[in-house]
Every structure is written in structure tokens, then in C-alpha cells.
Amino acid sequence: MALLAQDSAVPSALVALMVLRAPAWACLLCFTSYKERMRICQIFIGVQSPELQKCEEAFAAAFEGLLDTEINYDERSHLHDAFTQMTHSLQEMATARGSFKVAFPNAAEKMRKVIAQLKEVQACIPPCGLQEVARRFRCRGCYSTVCDLPLDCPVQDLTVTRGNEAKFSCTVNFELPKEEITYSWKFAGGGVRTQDVSYFQDLPWARGYLARIRPVQPAHRGTFSCVIVHDQIPLARLYFFLNVTGAPPRGETELQVSFREVLRWAPREADMIKPWRPSLGELLAKPEALTLSNQCLLAAVVALASAGTTLMVWMFFRWYFQGS
């Protein structure tokens, strides 16, 4: 994807190519407009001067050495600001009746020094990946480009004994953006070793850059894929072919047998679980147990106990007075 430094400068640069018949765009044409350059020449030698074309040609020739310049993509704004300051300086020199034959080469030399101080373009790190940190801006054409590397990384082979652990690390050797990075995992089973995306199925349970399988079983033999995504743009696809060999260790086998025994007993234990029916003491001791139904039950118990007590007292007094 080509990103232009200035949208307004591109049509002007096209006009300049037609007028000056330049072999290609230079940094001067990327970061200044045709109108700005023409205005500088008009100030130097006059609006109606027959030497205008020579002035324009001298302007372009002075910056011809910057034709094949490449800069770090993040430094475009700094270079644009430097060219803006340069145009202001040239206008001041032209107003002071200076010579464009001297001013243009001096301005070009200053711009070379500015470019030399910009942050260097980072080198592409093979073998794969969309490496935004290595994006560069090219003055020959006024566009940006990234490393010419494939999105798919070579398949990494991993051999694991059955019953052991397999671990996949979805990491790359180039710098990733610090935010909005996501990882998605896929699997192509059946023992196939492939990079064909049509063979893969999503693994929704896998999240993050690290994935583990424990214990490894023969059904896990195949290719695992991890896609690194930034802001919905894939940066790299990694592939891991898992080859499962041998029998599980004796200790691991015994552990698996014990685990299966636990699984067999789990349903029986579940059948034995009954709903909790709290006693009166538990109701009084645990406030959280006083649900609406339990409160009604407690009120009924209190009312029954009160009525029973009243009945017993009445019967006692009746017996006592009858006897006397």
C-alpha cells in the first residue's frame, strides 16, 4: 500500500514532471508543491522573467542527489517540517535579492544534513511477517513500502512422546506493535503437514501467544497454526507440525488410570448429593440461610411452639384447681 506524504503535493508533483520532464520524483517534489517552488523562482527573478524555466530546472537539479533517498516512515512529518522551513528561508533570500544559483545548492546541502540526522530505516528481518517497524518512505515515487517478505513463516517441526507435553510459542523475531495484538490458533488434523489455510479449523479455547497440549495423544498429530493480528491486519502466520511418537511413560500411564477411576466415581458421588435442609440451629446461626421460605418455616415453628406452651400451661392450671 502506497502512502503519500502530502495529498496536495502529489498533483503538483505530476505537473512538475510534465514541465521539467524530470526522470522521477525527488524528495523536493514529495514535500513541496509546484506552486511553492514557482513562487520562490518568481520572487528571485520576477513574475514575467524569461528565466523562470531555468530557475525551475536549477531548483530541481540542486536536489537531484536526493532522488533515491529512503527515510524511516515515522520521520515523514519531521522531513516535511524541514522542507517547509527551507521554503520560507528561500523566500527570505529571494526577497533580499540573493542568487538562486547559490541559494538552491546551499538549501539542498542543508536538507542532506537534516536527512542524515533522521532516525534510520530499520532493516527487514527474514524470513517472514508484515514488519511495520521497517516501513520506509521512498522519495523516488513518493510512496511507502514494507519488507518484501511472505506472511507465512516456515513450518516448525516438533516431536513429542505420547503422554508428554507439547508447547507452541507464537513469537517472531521482529518488533510488534505494543497495543491491539491478538492471537488466533487453528489446527489441521490427520497428521497433515501443510500451510494451506483450507485445511485448518479454529481452536476457540486457545488464547494468547502460548499454547500447550497435555497429555499429547496420537490424535494431536498434525499442523497447528497461529495468526498474529494487529488492528484486524495479519502480521504473521506461524506453523507448527506436531509429530507424536512412542508410548507414554509408565508413571504417566498410572496417573491417567487413577484419573479415569476418579471420573468413574464422580457420577456416583453426584448422585449422593442431596439438597441442603438446614436445622433450626443452622437457621439461627447462619443469617444467609434465612430465605423467604425458611423465614415462613421459622415463623410457623415459633407459632406452634407458643400455642403448645399456652395449651400445656392452661391444662396444668385446670388440673391444679380441680384437684384443690
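Modeller: A charge sits over a ring if NZ of Lys or CZ of Arg is within 6 Å of the ring centre and within 35 degrees of the ring normal. The model is predicted, so local features need pLDDT of at least 70 and side-chain atom pairs pLDDT 80 or more, while totals for chains, interfaces and linings use all residues. Residues are numbered from 1 along each chain as its sequence is written, and side-chain values use heavy atoms, without hydrogens or water.

Colleague: Glad to start there! At what distance from the ring centre does Arg 135 lie over the face of Tyr 73?

Modeller: Tyr 73 has Arg 76 over its face, at 3.9 Å from the ring centre. Arg 135 also lies over the face of Tyr 73, and its distance from the ring centre is 5.6 Å.

Colleague: How many aromatic pairs does the structure hold?

Modeller: Rings of Phe, Tyr and Trp (its six-membered ring) pair if their centres lie within 6.5 Å; planes under 30 degrees apart are stacked, over 60 edge-to-face, the rest tilted. Ring pairs join Phe 31, Phe 44, Phe 59, Phe 63, Phe 83, Phe 100, Phe 104 and Phe 137 into a cluster. The number of aromatic pairs in the structure is 15.

Colleague: How far apart in sequence are the parts tied together by Cys 30 and Cys 142?

Modeller: These two form a disulfide (cysteine sulfur atoms within 2.5 Å), with their sulfurs 1.8 Å apart. The link is left-handed, with -95° about the S-S bond. Cys 30 lies in helix α2 and Cys 142 in the loop between β2 and β3, so the parts tied together are separated by 112 residues.

Colleague: What is the relative accessible area of Cys 41?

Modeller: Cys 41 is joined to Cys 55 by a disulfide, S to S 2.2 Å. Buried means under 20% relative accessible area, exposed over 50%, partly exposed in between (1.4 Å probe, protein chains only). Cys 55 counts as buried, and Cys 41 is buried with a value of 0%.

Methods
Helices (H or I, at least four residues) and strands (E, at least two) are DSSP runs, numbered from the N terminus.
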